[in-house]
Amino acid sequence: MSGTRRKPGRLGLFVEGYRLRLLALGYTPETVRGMLRVLGQLGRWMASEGLEPGQVDAAAIEAFLAARRAGGDRQVPTVRALGQLVSYLRDVGVMAPEERSPELTPFEELIAEYRAWLVVERGLAAATVLRYETLARRFLGERVTADDELGVADLSGVAVSAFLVRECARVSVGSAKGRVAELRSLLRFLYVRGLTELALADAVPPVAGWRETGIPQTLGRADVERLLAGCDRSRLDGVRDFAILMLLARLGLRSVEVARLELDDLDWRAGEIVVRGKARRQDRLPLPRDVGDALAAYLSLRGRHGARRVFLTLRAPTRPIRADLVGDVVQRTCRRAELPHIGPHRLRHALASELLRAGASLIEISQVLRHRDLATTAIYAKIDLARLRQVAQSWPRAAR
């Protein structure tokens, strides 16, 4: 019956629905047959145990797997590997809904409220929210007592400075600046919510360190083209990776902006693309023909899918990619092209450098890279050595 020769016991009514769901998630027919086989095994075990649909719970799944191991089965999946099966059985009522999480403590409720504030009010990305939440747990968690369940009682500038000194003693200057930003954010939240009487964010001292002291690491034009040529565009993965790299190299998109790209962001008629940047910012950019061709080639092979995101995973269950997969794509392509490993942001630097060499002004580069502050773009002036020599003052008593 649709993937299993033996009768599926108490789950016969659910075989076809499960098969269709697995196919919709992108599983291959061979994989689907194997997963249906497990469904049949569970159904027969339920019949032997006298369990009806609706009486199965997490403990029953554990007992089912234990029975298979006791019967000498050497290929028994784990509970985690049965995630798709468990999810489907819960949706159709064979299994009870997942048990509710235990009631949150006041401290956990505060952290949850802070997390929501970071997402809704600040519009921060998931990775940034996790970083800010981690520091909040560490800072307030060590202050929580039986009498102070939130860790905010008698919070003072002295306590803030002492914590920051301990943190900065074990991290780099760049990471220390990150701690300052994370701590200031938490203190602003506590003040806005009325949990502290003073705006203690102003008590967080800055970290000594000069901005933009380094020279951006770029990639030569020849290496960029070599990287793009490293994609095997006869395969779906190569076509997808090539489209991702074109967005990085030709438009200077960030990893998270590539991952967030949706089908509705591509205006083919106008030749434009909407970029969803930091803090919910949206920018409309021209869509170069070569980038559009790369995207169209990928979408024609990708096929229809319920998700509106452009880039999807290749392995089932098919779902939108995360931002960290963009880095994996660049790393794999570097390996194939026999280039040193670089991160996706290096291609953004390479685009700025190429624009500068072509005679673009810093204002124009700032518009392409969508910088809010022109000072951020000014760092690229350091790599234009020819123009710097024209404005450099001669050293006293030195022959030119």
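Which residues does F311 touch, not counting residues up to four places away in sequence? I list R240, A243, I244, L247, V258, L261, L295, Y298, R319, P320 and I321, where contact means heavy atoms within 4.5 Å.

I note that this is a predicted model, in which local features need pLDDT of at least 70 and side-chain atom pairs count only at pLDDT 80 or more, while totals for chains, interfaces and linings use all residues. Residues are numbered from 1 along each chain as its sequence is written, and side-chain values use heavy atoms, with hydrogens and water left out.

Of its 43 residues, L245, L247, L295 and F311 touch the most other members. At least two residues each come from α9, α10, α11, β2 (272–276), α12 (289–302), α13 and α14, where helices (H or I, at least four residues) and strands (E, at least two) are DSSP runs numbered from the N terminus. The most, 10 residues, come from α10. I also found a second, separate core of 28 residues, which includes L42, L51, L82 and M95.

In α13 (residues 323–336), I find L325, V326, G327, V329, V330, T333 and C334 buried. These buried residues pack against α9 (221–229), α10 (236–251), α11 (255–260) and α14 (344–357). After α13 comes E338, with a positive phi near 60°.

Definitions and conventions. Buried < 20%, exposed > 50% of the residue type's maximum accessible area, 1.4 Å probe, protein only. Core = buried A, V, L, I, M, F, W, Y, C linked by side-chain atoms within 4.5 Å.
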